[in-house]
Every structure is written in structure tokens, then in C-alpha cells.
Amino acid sequence: MPIKEYIDTLAVRTPPETTTRTGVRPPSSEHIDFLMAMFPGQTRDAVSRALVAAHNDINRAVEIMLSGQPAPGGSQ
């Protein structure tokens with residue numbers, strides 16, 4: 001095993017291909033579907049941006065959606 005992979009294993013780092021450019025994992029389909037059910041008037045993209053802005057914290061994403069503040073990457 002190369003040293004970098006070994007260190008990543010010890011540090012429990014997420015491989016780069018599973019993160020966005022912000023370092024946050026992409027939102028799961030389950031989280032997106034859950035929020036889409038709560039906010040049927042919002043686009044999937046807006047819900048996904050809110051989740052990324054909230055670091056995949058559903059409660060924080062709901063706060064973002066309710067507050068109407070735009071998530072990074074576009075407007076809601």
C-alpha cells in the first residue's frame with residue numbers, strides 16, 4: 001500500500017472523488033428526496049445547494065431553505 005493511502009486510512013480522509021470542490025460529500029439521494037418532499041416548490045438543484053451549504057446537516061439545510069437565503073452556487 002502506498003504511503004499516501006496508508007496515511008489517508010489512518011486519518012480517515014475521504015477520497016477526493018467522493019467530495020465536492022468545497023470538501024463536502026455530495027448530498028445523498030435520501031436527503032435530497034426528504035427535502036424535496038418538504039419543499040415541493042423548490043428545484044432539486046436548490047435543495048442540493050442548500051445541503052452542500054449546510055455540510056449535509058438536514059436541520060441546517062431546512063433553516064437555509066426556510067430563511068430564503070441563497071445557497072452558494074446560485075439563487076433559490
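Reader: Let's start with α3 and α4. At what angle do they pack, and how far apart are the axes?
Author: In this predicted model, α3 (residues 44-53) and α4 (residues 58-67) pack at about 125°, and their axes are 8 Å apart. That angle makes α3 oblique to α4.

Reader: Is the crossing left-handed or right-handed?
Author: The crossing of α3 and α4 is right-handed.

Reader: Which residues meet there?
Author: From α3 you've got Ala46, Val47, Ala50, Leu51 and Ala53, and they meet Ile58, Ala61, Ile64 and Met65 of α4. By class, that contact has 9 nonpolar residues, with no polar and no charged ones.

Reader: Switching to valine 47: buried or exposed?
Author: Valine 47, which sits in helix α3, is buried, with a relative accessible area of 0%.

Reader: And what does valine 47 touch, leaving out residues up to four places away in sequence?
Author: Valine 47 touches Ile32, Leu35, Met36, Gln42 and Met65 on that count.

Reader: OK, the core. How many residues are in the largest nonpolar one?
Author: The largest nonpolar core has 12 residues, among them Val47, Phe39, Val62 and Ala61. Helices α2 (29-38), α3 and α4 each supply at least two residues of this core.

Reader: Which helix gives the largest share of this core?
Author: That's α4, with 5 residues.

Reader: What about alanine 61, what is it in contact with beyond its neighbours within four places in sequence?
Author: Alanine 61 is in contact with Leu35, Ala50, Leu51 and Ala54.

Notes. Residues are numbered from 1 along each chain as its sequence is written. This is a predicted model: local features need pLDDT of at least 70, side-chain atom pairs count only at pLDDT 80 or more; totals for chains, interfaces and linings use all residues. Side-chain values use heavy atoms; hydrogens and water are left out. Axes are lines fitted to C-alpha atoms, for helices over the stretch in contact, and angles run from 0 to 180 degrees between N-to-C directions. Helices (H or I, at least four residues) and strands (E, at least two) are DSSP runs, numbered from the N terminus. Angles under 35 degrees count as roughly parallel, over 145 as roughly antiparallel, 65 to 115 as roughly perpendicular and the rest as oblique. A crossing is left-handed if the near helix is turned anticlockwise from the far one by less than a right angle, and right-handed if clockwise. Contact means heavy atoms within 4.5 Å. Ala, Val, Leu, Ile, Met, Phe, Trp, Tyr, Cys and Pro count as nonpolar, Asp, Glu, Lys and Arg as charged, and the others, Gly among them, as polar. Buried means under 20% relative accessible area, exposed over 50%, partly exposed in between (1.4 Å probe, protein chains only). A nonpolar core is a set of buried Ala, Val, Leu, Ile, Met, Phe, Trp, Tyr and Cys residues joined through side-chain atoms within 4.5 Å.
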